[in-house]
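Here is a friendly walk through one protein model, for anyone opening it for the first time. Have the viewer ready and follow along.

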Amino acid sequence: MLVLDQYTSSFAGLAVVIGLALLLLPLASPKNAWVRILLLGLTAFLGWRYMFWRITETVPSLDKSGMIDVIAGSIFVAIEALSLVSSTSAYLFLTRRKDRHEEADRNLAWWGSNPPRVDLYIATYNEEIEVLERTLAGAQALDYPNVRVFVLDDGRREWLAEVCRRYGAEHRTRPHNNHAKAGNINYTLLQRLKDEDAPDFVAVLDADFVPHRNFVRRAVALFHDPGVGLVQTPQHFFNPDPIQHNLHIAAAYPDEQRFFFDHLEPARDAWGIAVCCGTSSMVRVSALKEIGGLPTESVTEDFLLTIRLDSHGYRTIYLNEALTEGLAPEGLHEYVVQRGRWCLGMMEIVRKVYNPLTSPKLRFMQRLSLLDSFLFWTTTFPFRLISLVCPLLYWFFGIIVVEASVSDIAAYYLPYYAAVLITLNWISGGLIWPVLNDVSQLIAAWPITRAVAMGLFVKGPHKFRVTAKGGDRTKTVVQWPLMKPFAIFFALTVLGLVLPLMSDTAFTHVSRAGDGIRVILFWTIYNLLVLAITMLVCVERPRVNRPQRESVEMAMMSVGMQRFHSWVLELGVDHARVRGLSGLAAGALGTITINDVGDIAVRVLEETNDGYRLALRPTSEQRNAILRKLHTADMRPGAGKGDLTGMVRGWMRNLASR
């Protein structure tokens, strides 16, 4: 009975955390600064309480364990402690939040009768015409009166010049591709500064990002303050990323960058350390001239631009409004390459340009911002890898890296873990999900860890790797090179669980763990779950009829002499899915009337369980109108928060279809 009472009492901390959440959070708003401070402070306290226990009580010692146990345990706790340092800085940032919506409203016409001149630069290298057409159609629809659109073509493609003329944009090339995107923008800006109508501000879009009609107007409004050097707006995506798509959970699980853009950037803005993220930003030209153009010392010139502007007295601020939307990496390889490039760029900045500990002319908060970003890349992903390795060390070699019982874990770890989940989900509206967050980190953990080493220890220069867009995505593709290490880890983990059951004499070290064997067993099973889902992500499902948006609207459809009211469930530039109809034959021809587009010629492709799939045959004008309807309206694409029920349904459909 005494043992049971001790075991039960170890859950007291967890009960207190959950009880406080149930009492406090239903009555509070995530915008309440004092409640944020209380919850994040409690989370940080519980985190360091846990870490103090980890360091003082759970690391193997030489008097009880072997040297290998001590070394492995010390390495693991060191990485874990550094990860907590990074998390603590994030908790500090999140105690505040800045919303500039009303500020933009108040200053929509600060320029009076003479609107500033704005250049919109669309940097491109090898994107297909269907990718660029979306962006150009959006740029054509901008509602700002004094903007010129330039397509900066490092692919030097003749056909693109004609496409640009069709959309009223100017096609620019250069004789070389030095410094990739940053060099491309600098080259055109240098030419434009010689013109009589040189721009006052430059907006930057990646080739696959479409501006909403009000993008330029809303961003320019915040330059009423002469101390503002750059305005960043969030990146939203009209298509699911590979994790969302391959697990069939796009409608119920937000994209991986939502927490950063919706919550961490507004928090950073409140502390004066918002960062430029490249696309969907606007910069003051006079500030760019002062710092010598976009910096080229890193493959992530955007983050470096923020620091350089700050060192010259110009602030980067953040307008958290959906003013653009883009194409998330469609393939898993591209997804991983993109994140590896971000990491590599940060390592280059820290090693070659701005050391957060020693560089002069850095404000304290900028030093903290740099250190936070550095620790995020160098600890989060290696920690995810070492978490897979540690249980294997025990099952195969008897090496114990954490000496803890179930009651110890319940008393020290669970209160902190619950506080993290409750607090961050309360702040973000439900964006943090166990397992899935681990999957999103694990999928790129090894390439990012490799990029850390390359950026810190290989002199360079490092090549800018473009994220591929478009291409044929109509077939199921198993990404064996990416899946292989996860499959090996999965097999080794299963083998580690099975081997002790197959021998009475081998692996006698199992008894050494005592009650801690339950902790290792749970850890192992959790790793198997994460690895299994990660491997599912590596099986890329076909993407057909893209781009599209699931938005329901009423439409009139005519086939022969018949007219039908129907609901449009999906709409793309060359297809649609409708419901509310019956009695149509495959191959039938007709028209469908879409708001803001007109009467579009259609052919019935096939019947579905609730309607029909249609092939659209729009004119070129109608095609542009569809693109503008899909991508330039003042609306936010994608899921806004996680829905567990929807995710489970998506997983079940996904498994059933394999």
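## The largest cavity

The largest cavity is lined by 14 residues, and Ile185, Val204, Ser281, Leu294 and Leu305 are the ones nearest its centre. Sorted by type, the lining has nine nonpolar, two polar and three charged residues. Here Ala, Val, Leu, Ile, Met, Phe, Trp, Tyr, Cys and Pro count as nonpolar, Asp, Glu, Lys and Arg as charged, and the others, Gly among them, as polar.

How big is the largest cavity in volume? About 90 Å³. The count of cavities of 30 Å³ or more comes to five. A cavity is a set of points on a 1 Å grid over the protein atoms alone where a 1.4 Å probe fits but cannot get out, and lining residues have an atom within 4 Å of a point. Points are joined across faces, edges and corners, and the volume is the space filled by probe spheres set on them.

## What kind of model this is

This is a predicted model: local features need pLDDT of at least 70, side-chain atom pairs count only at pLDDT 80 or more, and totals for chains, interfaces and linings use all residues. Residues are numbered from 1 along each chain as its sequence is written, and side-chain values use heavy atoms, with hydrogens and water left out.

Helix α19 (residues 480–502) has 23 residues and reaches 31 Å from first C-alpha to last, close to the 33 Å expected at 1.5 Å a residue. That expected span is 1.5 Å times one less than the number of residues. Helices (H or I, at least four residues) and strands (E, at least two) are DSSP runs, numbered from the N terminus. Buried in α19 are Leu482, Met483, Phe486, Thr493, Gly496, Leu499 and Pro500. Buried means under 20% relative accessible area, exposed over 50%, and partly exposed in between (1.4 Å probe, protein chains only). The buried residues of α19 pack against several elements, including α14 (332–353), α15 (364–397) and α20 (516–537); contact means heavy atoms within 4.5 Å.

Now look at α18 (residues 445–457): its 13 residues reach 18 Å, close to the expected 18 Å. Among its buried residues are Ala445, Ile448 and Val452, and the buried set packs against α14, α15 and α17. Back on α15, which holds Phe397, that residue counts as exposed because its relative accessibility is 61%. Phe397 and Gly496 are 99 residues apart in sequence and 9.9 Å apart in space, C-alpha to C-alpha.

Which residues stand out by their phi? His248 has a value near 65°, and Ser280 one near 70°, each positive in a residue other than glycine. His248 sits in the loop between α10 (242–246) and α11 (258–270), while Ser280 is in the loop between α11 and β7.

Are they buried or exposed? Ser280 is buried, because its relative accessible area is 0%. His248 is partly exposed, because its relative accessibility is 27%.

## A histidine in a strand

His575 belongs to strand β14 (residues 575–579). At 4% relative accessibility, His575 counts as buried. A polar contact of 3.3 Å joins its side chain to that of Asp574. Such a contact is a pair of N or O atoms within 3.5 Å; within protein, one must be able to donate a hydrogen and the other to accept it, and residues adjacent in sequence count only if both atoms are side-chain atoms.

Notes:
1 Å grid on protein atoms, 1.4 Å probe; cavity = no way out; pocket = protein on both sides within 12 Å on 5 of 7 lines; lining within 4 Å.
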